[in-house]
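These are my notebook entries on one protein structure. I record here what I looked up, entry by entry.

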Amino acid sequence: MILENKGVQLGPFFVPPFHMHQGELVGICFYNGPYSIEPMQAFLSMVLDNDSQEINTWVSFEEATAIRHRRWWQLARPKCVKGMLSGHTDRALSELKGFGAAYLSADKKINHCDLFELKLLSLWLAFEKTAPVVFNLAGLGPMGVERCLKFVKSRVEAGSAALLLDFWENSAAFCNQFYTVEADHPGRFRYQPAPFELKITH
């Protein structure tokens with residue numbers, strides 16, 4: 001077992017208890033659109049930080065973070081795909097092209113890649129660190145979601161593990177365990193509410 005969730009109440013959302021093992025893809029659908037973003041981020045933080053009473057992890061999870069340029073000089077001189085893959089370009093491209101990334105090439109600039117290609121790259125990089133991966137599929141269309149899930153499933157079946165936190169239920173067929181979490185009443189969620197006070201000085 002690599003993760004134990006004893007059951008987590010996140011405002012109006014309750015994530016039911018489950019155990020996660022190596023070789024499994026576990027999906028959690030936070031249903032309710034924009035109201036789900038903050039509880040999903042809160043659950044992600046609990047998994048990554050492993051400092052709550054409700055969730056125990058026996059190995060550290062690796063988040064497949066979005067690939068983007070954050071500095072002005074990175075925008076002016078964007079990296080190529082081979083610069084992201086750090087000496088593993090041929091092996092990575094050979095694998096990823098088998099999951100629909102037909103137009104991904106070593107010399108392609110990162111800022112010319114579409115969301116599907118960037119998501120595949122981020123997943124590949126995360127799985128290469130050999131830790132269980134936590135990820136989402138935000139921004140992808142149905143075909144991109146399916147291709148990314150097929151890639152994740154191939155890595156999971158090879159012995160890794162992955163935790164999907166997302167907003168859509170159409171990924172259930174790819175998961176070993178799948179849970180839909182819906183708010184018991186509508187309303188905006190705050191994981192750690194902090195009072196905001198506007199002070200005007202003269």
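**Entry 1. The chain as a whole**

I began with a term: a residue is called buried when its relative accessible area is under 20%, exposed when it is over 50%, and partly exposed in between. I also noted that the model is a predicted one. With that cut-off, buried residues make up 45% of the 202 residues in the protein chain. I then looked up the secondary structure and found 6 helices and 10 strands. For contacts between residues at least 6 apart in sequence, I noted that 72% join residues at least 24 apart.

I looked up Gly7, which sits in the loop between β1 (3–5) and β2 (8–10). Is Gly7 buried or exposed? Its relative accessibility is 13%, so Gly7 counts as buried, the limit being 20%. Leaving aside residues up to four places away in sequence, Gly7 touches Phe14, Val15, Pro16, Pro17 and Glu54. I checked the pair Gly7 and Glu54: they are 47 residues apart in sequence, yet their C-alpha atoms are 6.2 Å apart in space.

Pro16, one of the residues touched by Gly7, was my next stop. Pro16 belongs to the loop between β3 (13–15) and β4 (18–20). Pro16 counts as partly exposed because its relative accessibility is 24%. Between Pro16 and Lys6 the C-alpha distance is 7.4 Å, with 10 residues of separation in sequence.

Leu48 is part of helix α1. At 33% relative accessibility, Leu48 counts as partly exposed. Not counting residues up to four places away in sequence, Leu48 touches Phe61, Glu63 and Val134. I also noted Leu48 and Val59, which are 11 residues apart in sequence and 9.9 Å apart from C-alpha to C-alpha.

I went on to the loop between α1 (37–49) and β6 (55–57), where Asn50 is placed. Asn50 has a positive phi of about 50 degrees, although it is not a glycine. Its relative accessibility is 33%, so Asn50 counts as partly exposed.

Ser52 lies in the loop between α1 and β6 as well. Ser52 counts as buried because its relative accessibility is 16%. What does the side chain of Ser52 reach? I found that it reaches the backbone nitrogen of Ile55, at 3.3 Å.

I next looked up which residues are buried in helix α4 (residues 89–97), and found Thr89, Ala92, Leu93 and Leu96. Why do these residues lie on the same side of α4? They cover an arc of only 95 degrees around the axis, which means that they share one side of the helix.

The face turned away from the buried side of α4 carries the exposed residues Asp90 and Ser94. I then asked which elements the buried residues of α4 pack against. They pack against α3 (81–85), α5 and α6 (142–157).

**Entry 2. The second largest pocket**

The second largest pocket has a volume of about 180 Å³. It is lined by 12 residues, of which Glu63, Thr65, Ser122, Leu125 and Lys129 are the closest to its centre. Glu63 was already in my notes as a residue that Leu48 touches.

The largest share, 3 residues, comes from α5.

**Entry 3. The cavity**

The largest cavity holds about 30 Å³ of space. Its lining consists of Leu137, Val145, Leu164, Asp166, Trp168, Asn170 and Ser171. By class, these are 4 nonpolar, 2 polar and 1 charged residues.

Technical notes:
Residues are numbered from 1 along each chain as its sequence is written. This is a predicted model: local features need pLDDT of at least 70, side-chain atom pairs count only at pLDDT 80 or more; totals for chains, interfaces and linings use all residues. Side-chain values use heavy atoms; hydrogens and water are left out. Helices (H or I, at least four residues) and strands (E, at least two) are DSSP runs, numbered from the N terminus. Buried means under 20% relative accessible area, exposed over 50%, partly exposed in between (1.4 Å probe, protein chains only). On a 1 Å grid over the protein atoms alone, a cavity is a set of points where a 1.4 Å probe fits but cannot get out, and a pocket is an open set with protein on both sides within 12 Å along at least five of seven lines; lining residues have an atom within 4 Å of a point. Grid points are joined across faces, edges and corners, and a volume is the space filled by probe spheres set on the points. The arc is that of the directions from the helix axis to the C-beta atoms. Contact means heavy atoms within 4.5 Å. A polar contact is a pair of N or O atoms within 3.5 Å; within protein, one must be able to donate a hydrogen and the other to accept it, and residues adjacent in sequence count only if both atoms are side-chain atoms. Ala, Val, Leu, Ile, Met, Phe, Trp, Tyr, Cys and Pro count as nonpolar, Asp, Glu, Lys and Arg as charged, and the others, Gly among them, as polar.
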